[in-house]
Amino acid sequence: MRNNLDRQLRAVRNLGILAHVDAGKTTVTERILYATGATHRRGEVHDGTTVTDFDPQERDRGITIFAAAVSCDWDGHRVNLIDTPGHVDFADEVERALRVLDGAVAVFDAVAGVEPQSESVWRQADRHGVPRIAFVNKLDRAGAGLDAAVESIRARLHPVPLAVQLPIGVEDGFTGVVDLLRMRALTWSDGADTAVEGAVPEELREESLRRRRLLEEAVAERHPAALEEFCDHETLSAATLSGALRDLTRTGDVLVVLCGSAYRNRGIEPLLDAVVAYLPSPLDVPPVSGAREGDAGPHGAHHGGDASGDGGRDQVREQRPADPDAPFAALAFKVAATATGRLTYLRVYSGTIEKGDAVWESGARRTERIGRILRVQADRHARLERAVAGDIVAVVGLKSARAGSTLCAPGAPVVLEPPGVPDPVVSVAVEPRTSADADRLATALARLAEEDPSLAVRTDAETGQTVLSGMGELHLEVAVEKIRRGHGLEVAVGRPRVTYRETVVRGVSGLVFRHVKQDGGAGQFAHVVLDVEPLGPGGGCGADGDVETGFEFRSAVVGGRVPQEYVRAVEAGCRDALAEGPLGGHPVVGVRVTLVDGATHVKDSSETAFRTAGRFGLREALRGCAMVLLEPVVEVAVTVPEDAVGAVLGDLSGRRGRITDSTVRGGSAVVTATVPLAELFGYATRLRSRTQGRGSFTARPTGYAPAPAAAPTR
């Protein structure tokens, strides 16, 4: 029984498709579904017939907006696959997907090589330690080249890329690949669904042998068992190469590179074989680790008397292995409202759940009941009786679970680390066309924020406006359009506003603040002396314009003049004060506060009094500091025809852009610049008009930089 369960788990692959926008992720996913028999026709992005881009906005815009989960079978293995967005505005969808995946296929354009968002998703995968293989797509395009793409991967992403295939034919003449492990040719004719296996073409045999030798040497250098065989026999068998590449892929020591043309259905079957051969199963990755709280579950005991403010919970770390017989633990990574109800997408890490089971939701601290369990195929679903460790499924019936929530067995509570949520950088004011729709709009916005944690909704305290914040202009456009289409609401949208920050460039020392309040009975007394200084050596902004974005609190009080519990209260008050700076009420970053002295009263001092003193004392100190306003900046990569470079450079300069690079590749120029985010609103339309529709750009946040004196403060 145990061996059978292990075999089932070893036959599971949970992977994502990662790439820059337009590198061909969705087409690769569609061809995988077609090759595995999960679909019976080839979906096309340009026709709006893809399985994973099922949302009307995705089909209208021709890009992936929402991460879509699908499942298929290949060579006796269950492949759970998530097609992720490639646009930077939807990077949070990628982050949440990577949190629950065991492996990934990184797709690269054979002409462009590594592009800006390729780097971003690569770094995200690095943070999560996700093993990857690479697929160099679009080898049938003019200017395509496997070697140039591999060199781009090596130079910009810094892995050790090892190509295990050699293309047969170039550009429009690309017809197949040479499998360097088994030294065979795989070719596809137009319209064919499967590859034809044959001998390596004579004109490529010498080059294939040379590359096979280089592959053997590279693997032997990094794998002890392969080195031993290489020394004994001066060559490596296909089985040894495959096993060594599997080990090296899972440790991240090498990147296996395959190639093809997904649009022409060439190279997909070898890619699936590589997914099965090299990427890990749930048993091959370390057990998930979570915090076990003594009072996290309904049967736990509550502990009191802890002055640290954590409620006295006794936390220990606990590992949950990928074992169907272990206590149940799963992480919710996506919530979606559909016609069939509220779907919560889960990665099951351990244990088993069945329809009707009760589970403990650690975040809301309540018991929920599983209504239905569904195998997801994008917007279509198949009912399951149970889900076991290693599965990615959707469940119906959960009322409180959000993306990042932990679901676990009520008798074995655990809290898994949720995916990180980025801070929004762009805001718009939204209001209903008629006052009668105000409640409906509030409900729609609340549902949006529930489904997408990177969206934030708040009410401006001064203007009373409802403000919707997100990761970029396109992100907010999509959100507003979803309200219009999904809820039948007409909404008015104000110009997007960016989120500014404030920082200290010259501090103050010895700021004395005394908080005294006497209203009869016990009063409040707190005396603090504060030093405020920039966090970085060059001020809140470094010499190169980078911003120190943290906050550091120190205590230099000696002799016990301020008890430790009051020191913590002062720190809490200082953190409160950082929410609104003196320039325009923006959050303050890049500051160090030192409590250098203080005094207490035997009866009237309390944590509340010292927290109040910390808050108002730091506010007064900041008013005496030299402050600077910071604005978010992004790195843009603009791809345009060479004859439009001059116009683009002039336009970027007019938007306060700083040009950092300009290269020519494949007949087009790529201009890279750092530009204030506030200057990019409407840039897509302007770029299209300047390049007759031939220009495109991508952007990724890089932090904050000092804003000009004329920048708005509210």
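**Talking through the model**

Student: Where does Arg656 lie?
Tutor: Arg656 is in the loop between helix H15 (645-654) and strand S37 (658-665). Helices (H or I, at least four residues) and strands (E, at least two) are DSSP runs, numbered from the N terminus. This is a predicted model: local features need pLDDT of at least 70, side-chain atom pairs count only at pLDDT 80 or more, and totals for chains, interfaces and linings use all residues. Residues are numbered from 1 along each chain as its sequence is written, and side-chain values use heavy atoms, with hydrogens and water left out.

Student: What is the phi of Arg656?
Tutor: Positive, about 65°, although Arg656 is not a glycine. Most residues other than glycine have a negative phi.

Student: Is Arg656 buried, partly exposed or exposed?
Tutor: Partly exposed, because its relative accessibility is 34%. Buried means under 20% relative accessible area, exposed over 50%, partly exposed in between (1.4 Å probe, protein chains only).

Student: And H15 itself, which residues are buried there?
Tutor: Val645, Val648, Asp651 and Leu652. They cover an arc of only 130° around the axis, so they sit on the same side of H15. The arc is taken from the directions from the helix axis to the C-beta atoms.

Student: What is exposed on the other side of H15?
Tutor: Gly646 and Gly654.

Student: Give me another positive phi. What is the value at Asn265?
Tutor: Near 60°, again in a residue other than glycine. Asn265 is in the loop between strand S11 (255-259) and helix H10 (268-278).

Student: Is Asn265 buried or exposed?
Tutor: Buried, because its relative accessible area is 2%.

Student: Switching to H13. What should it span?
Tutor: H13 covers residues 564-577, and its 14 residues should span 20 Å at 1.5 Å a residue. The expected span is 1.5 Å times one less than the number of residues. Its end C-alpha atoms are 20 Å apart, which agrees.

Student: Which H13 residues are buried?
Tutor: Tyr566, Val567, Ala569, Val570, Gly573, Cys574 and Ala577. Seen down the axis, they fall within an arc of 160°, so they line one face of H13.

Student: Why would residues spaced like that point the same way?
Tutor: An α-helix has 3.6 residues a turn, so residues three or four places apart point the same way.

Student: What do the buried H13 residues pack against?
Tutor: Strands S32 (524-534), S33 (551-555) and S35 (591-599), plus helix H14 (607-624).

Student: Cys625 next. Where is it found?
Tutor: In the loop between H14 and strand S36 (626-641). Cys625 is buried, at 9% relative accessible area.

Student: What is Cys625 in contact with?
Tutor: Val504, Arg506, Gly507, Val508 and Val532, leaving aside neighbours within four places in sequence. Contact means heavy atoms within 4.5 Å.

Student: What separates the C-alpha atoms of Cys625 and Thr698?
Tutor: 37 Å, and the two residues are 73 residues apart along the chain.

Student: How many cavities does the structure hold?
Tutor: 2 of 30 Å³ or more. On a 1 Å grid over the protein atoms alone, a cavity is a set of points where a 1.4 Å probe fits but cannot get out, and lining residues have an atom within 4 Å of a point. Points are joined across faces, edges and corners, and a volume is the space filled by probe spheres set on them.

Student: What volume does the largest cavity have?
Tutor: About 40 Å³. Its lining includes Leu18, Phe108 and Trp122. Strand S1 (12-19), strand S4 (103-109) and helix H5 (116-128) each give two or more residues to that lining.

Student: What is its lining by class?
Tutor: 7 nonpolar, 2 polar and no charged residues. Ala, Val, Leu, Ile, Met, Phe, Trp, Tyr, Cys and Pro count as nonpolar, Asp, Glu, Lys and Arg as charged, and the others, Gly among them, as polar.

Student: What about the lining of the second largest cavity?
Tutor: 3 nonpolar, 5 polar and no charged residues. That cavity holds about 30 Å³ of space. Among its lining residues are His20, His87, Gln117 and Thr698.

Notes:
On a 1 Å grid over the protein atoms alone, a cavity is a set of points where a 1.4 Å probe fits but cannot get out, and a pocket is an open set with protein on both sides within 12 Å along at least five of seven lines; lining residues have an atom within 4 Å of a point.
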